[in-house]
Amino acid sequence: MTPLLTNLNNLPGQVNRSRYTPSDHKTGIVHLGLGAFHKSHQAFYTDAALQESGGDWRIIAASMRNTQLPAQVNAQNGLYTLVVRKKHGADARVIASIDHALSANDGTGNLLNALCASGTRIVTVTVTEKGYGFDRGQGGIDRSNATVAHDLSFPHSPTGVLGLIVCSLQIRRQSGIAPFTVLCCDNLPDNGRYVAQAVIEYARLQSPELARWISDNVSFPATMVDRITPAQSPQTLATAESITGCRDLLAIETEPFHQWVIEDTFVNGRPEWEAAGALFTDNVAPFEEMKLRMLNGAHSMLAYGGFLADKKYVRDVMRDASLAALVSRHLQAASSTLVSISGINFDDYAQHLLERFSNPEIAHETAQIAGDGSQKMPQRIFQPALAAINRNAPVRPFAFATALWIHYCTGVSPNGVSYKINDPLASTLGKAASNDNPLHCVKEFSQIPGLIPVELAANAQWNQMLVSQLASLRECGIRAFLDKEASVAAASDGPIR
Ligand code: CS2
């Protein structure tokens with residue numbers, strides 16, 4: 001029987017693995033949100049930093065909901081294989097930066113203890129856009145969120161991100177333990193300030209004095225994170241096993257490219273993540289905007305278009321001539337809404353994204369990216385659309401992407417098959433999308449709070465374009481609609497409006 005991956009020393013000699021001795025390093029980071037992205041990104045960077053510069057920076061990784069996963073991680077002593085799929089073939093590295101895993105929901109209080117430990121100097125977070133229970137535009141702390149409601153009622157046994165961070169900071173303050181840095185690694189605009197606002201507002205509900213202390217003593221650096229990471233599949237496990245000779249239930253696969261841009265404002269030290277290429281800067285916003293509008297914006301557009309056109313993976317979308325042309329158009333339109341970044345050429349960045357999306361080895365499902373559209377569309381599509389209008393730049397690609405999303409929200413495929421909309425606003429979106437009249441349908445979407453910015457929803461050019469795109473999509477059907485739009489893009493001279 002193939003042995004389980006539990007020990008770096010039992011691996012065949014040629015397997016790429018961490019060259020440090022894991023047990024020589026204590027923990028310094030608690031991560032909230034133990035998922036595939038954490039393993040392909042922050043844990044990978046930390047592994048490189050431990051190897052290059054050492055330090056007590058191993059990770060205690062917490063799953064927010066899953067109670068089985070931590071047991072699996074602990075059974076493998078935190079070790080897992082990171083399979084890197086290149087255009088031809090795969091590399092792998094066994095990562096050793098995770099010390100052990102915990103669950104936020106097991107009722108033991110172990111996670112709270114880890115957050116309070118003086119050794120914990122950074123708390124990293126990846127809980128997705130919807131995972132915070134905070135809406136910066138709409139009334140702040142979301143008391144209707146079940147986790148938030150629980151934590152407000154039982155502030156000393158929290159299970160959610162805000163409750164855990166605030167409760168542990170309160171205990172650290174009372175016990176004279178220095179605070180930690182909170183590092184948000186989710187694809188949210190201005191993510192540092194977003195989490196700072198959420199934490200401080202949540203703390204204020206308990207004690208204005210604590211809120212003030214947090215605001216004076218805790219830092220929330222902004223970050224831009226990037227690495228395309230599909231969900232684990234049976235192929236991931238098979239490739240990992242063929243390389244390491246071990247069974248590895250935690251193996252994960254990713255692309256060769258990775259990027260991390262971080263504001264360097266840590267209050268209690270940090271690992272040398274530069275070892276794996278992290279870039280420290282005092283202004284992350286332009287990088288974040290570039291990534292959200294170009295990579296993520298094009299991703300959302302191609303996910304809805306691709307899903308409706310029966311393309312399972314992003315790489316299949318890129319093999320479709322019309323869709324590929326529309327992805328290029330989207331990247332160009334998104335880049336024209338950005339402020340320039342010294343040393344970065346947006347055309348080169350776009351070209352590189354097209355190559356990454358086309359990687360034939362990466363099985364990234366359009367259905368995965370299509371989830372949670374209500375949480376993603378504002379920063380990926382609506383904000384750049386508004387910026388485009390204000391700069392008199394092309395807006396049609398954004399209306400096109402929005403029409404695809406609205407159509408996707410009907411929950412019925414072009415062949416009449418129903419699918420589930422994975423979105424916290426699923427029923428509201430589904431109801432609005434089923435409005436037969438394109439004008440009224442767009443109006444209904446515009447009235448959903450916190451979605452389409454008021455200024456954009458009130459713009460006649462935007463509305464007219466969106467209504468006509470939606471009407472055309474409904475009339476022609478998805479295939480003809482995509483081909484028609486691709487020929488509009490091809491015929492357009494200069495920037496595509
Ligand atoms: C994707 C992102 O699922 C999605 O919405 O757009 O997860 C994307 O793959 C990452 O941001 C890449 O860094």
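A residue is called buried when its relative accessible area is under 20%, exposed when that value is over 50%, and partly exposed in between, computed with a 1.4 Å probe on protein chains only. By that rule Asp-372 is buried, at 8% relative accessibility. The model is predicted, so local features need pLDDT of at least 70 and side-chain atom pairs count only at pLDDT 80 or more, while totals for chains, interfaces and linings use all residues. Residues are numbered from 1 along each chain as its sequence is written, and side-chain values use heavy atoms, with hydrogens and water left out.

Helices (H or I, at least four residues) and strands (E, at least two) are DSSP runs, numbered from the N terminus.

**Aromatic rings**

- The whole structure holds 15 aromatic pairs; rings of Phe, Tyr and Trp (its six-membered ring) pair if their centres lie within 6.5 Å, and planes under 30 degrees apart count as stacked, over 60 as edge-to-face and the rest as tilted.
- The pair of Tyr-45 and Trp-260 is edge-to-face because the planes stand at 70 degrees, with the ring centres 5.1 Å apart.
- Tyr-45 belongs to helix α2 (residues 42-53) and Trp-260 to strand β12 (residues 259-263), so this pair ties together parts that are 215 residues apart in sequence.
- Tyr-45 is buried at 0% relative accessibility, and Trp-260 is buried at 1%.
- One aromatic cluster is formed by Phe-44, Tyr-45, Trp-260, Phe-266, Trp-273 and Phe-280.

**Charges over rings**

- A charge sits over a ring if NZ of Lys or CZ of Arg is within 6 Å of the ring centre and within 35 degrees of the ring normal.
- Arg-121 lies over the face of Trp-57, at 3.8 Å from the ring centre.
- Arg-315 is placed over the face of Tyr-313, at 4.6 Å from the ring centre.

**Helix α20**

- Helix α20 (residues 460-476) has 17 residues and reaches 24 Å from its first C-alpha to its last, close to the expected 24 Å, where the expected span is 1.5 Å times one less than the number of residues.
- The N-terminal end of α20 is capped by Asn-459, with a side-chain oxygen 3.0 Å from the backbone nitrogen of Gln-461; a polar contact is a pair of N or O atoms within 3.5 Å, and within protein one must be able to donate a hydrogen and the other to accept it, while residues adjacent in sequence count only if both atoms are side-chain atoms.
- Gly-477 follows α20 and has a positive phi, near 85 degrees.
- The buried residues of α20 include Trp-462, Met-465, Leu-466, Gln-469, Leu-470 and Leu-473.
- An α-helix has 3.6 residues a turn, so residues three or four places apart point the same way.
- The cover over the buried residues of α20 includes α15 (373-390), α16 (396-408), α18 (438-446), α19 (454-457) and α21 (478-491), where contact means heavy atoms within 4.5 Å.

**Ligand surroundings**

- Residues around the ligand include Asn-187, Asp-226, Arg-227, Lys-291, His-299, His-364 and Arg-380; a residue is near a molecule or strand if one of its heavy atoms lies within 4 Å of it.
- A ligand oxygen atom is 2.9 Å from a polar backbone atom of Arg-227.
- A ligand oxygen atom is 2.6 Å from an N or O atom in the side chain of Lys-291.
- For His-299, the distance from a side-chain N or O atom to a ligand oxygen atom is 2.8 Å.

**Phe-357**

- Phe-357 lies in helix α13 (residues 346-358) and is buried, with a relative accessible area of 3%.
- Leaving out residues up to four places away in sequence, Phe-357 touches Ile-228, His-299 and Arg-315, among others.
- Phe-357 and Glu-255 are 102 residues apart in sequence and 9.9 Å apart in space, C-alpha to C-alpha.

**Residues in loops**

- Asp-372 is in the loop between α14 (366-370) and α15, and has a positive phi of about 60 degrees although it is not a glycine.
- Thr-128, in the loop between β6 (122-125) and β7 (134-135), has a positive phi of about 70 degrees although it is not a glycine.
- Thr-128 is partly exposed, at 34% relative accessibility.
- Ser-97 lies in the loop between β4 (90-95) and β5 (98-103) and is buried at 0% relative accessibility.
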